[in-house]
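Thank you for making time this morning. Please have a look at the structure on the screen, and then I will walk you through a few parts of it.

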Amino acid sequence: MIATICCRVSGNSIATATEEGRNNRGGDWSIPLQRLRKFRIGQSWRCVAADRRGTAVIELALALPILTIFLFGIVSGGSWLAMSHIVQESANEGARAALAGISTSERASLASQAALQTLSRSYGIRQEEIALKVDDDGRQLTVKVAYDGSANPLLKLPIMPAATTTIRRQASVVLAGF
């Protein structure tokens, strides 16, 4: 049902009537102006309190910085884990490749080539950022790989720094005897 409100101000009171009130009851209702002003002020505060427009924007303004920090943390931590994994994988590949060598120098050469090849295929790691060392005592061969990621932008995100920018990993294989 739609009702229209008609107002008539005279002196200290205001007369209101709805279409239904005028037709059915035939009465003229008068409300003192002070009561109407109090009603309007109270009504406006109730309307403001009940109005839910803009709450999503306020919630977004409060939550977005926290979500951004979490996002940077996930990207930074994930990048560090990926780099750490690829450095370990290159040490593993170098140690496996060294098993095919007959002499100490050949094993060291095969290990270095395999480790550097594995690193060059991933994440744009350059050879200048890699420190590679092959220890061979005739019984056990150890490949040590260190990656200096201080120039890597994925490890230098502004909000969440990486755990460390230098990643060191090693892998060992037994050459003779068990």
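Which residues does Val-145 touch, not counting residues up to four places away in sequence? Before I answer, this is a predicted model, in which local features need pLDDT of at least 70, side-chain atom pairs count only at pLDDT 80 or more, and totals for chains, interfaces and linings use all residues. Residues are numbered from 1 along each chain as its sequence is written, and side-chain values use heavy atoms, with hydrogens and water left out.

With contact meaning heavy atoms within 4.5 Å, Val-145 touches Val-87, Ser-90, Ala-91, Leu-119, Ile-130, Ala-131, Leu-132, Ile-167, Arg-168 and Arg-169.

Val-145 also belongs to the largest nonpolar core, a set of 19 residues in which Val-87, Leu-119, Ile-125, Val-145 and Tyr-147 touch the most other members. By nonpolar core I mean buried Ala, Val, Leu, Ile, Met, Phe, Trp, Tyr and Cys residues joined through side-chain atoms within 4.5 Å, where buried is under 20% relative accessible area, exposed is over 50% and partly exposed is in between, using a 1.4 Å probe and protein chains only. The largest share of this core, 7 residues, comes from H3.

Turning to the loop between strand E4 (130–136) and strand E5 (140–148), we find Arg-139 there, and it is exposed, with a relative accessible area of 55%. Helices (H or I, at least four residues) and strands (E, at least two) are DSSP runs, numbered from the N terminus. Although Arg-139 and Leu-175 are 36 residues apart in sequence, their C-alpha atoms are 5.0 Å apart in space.
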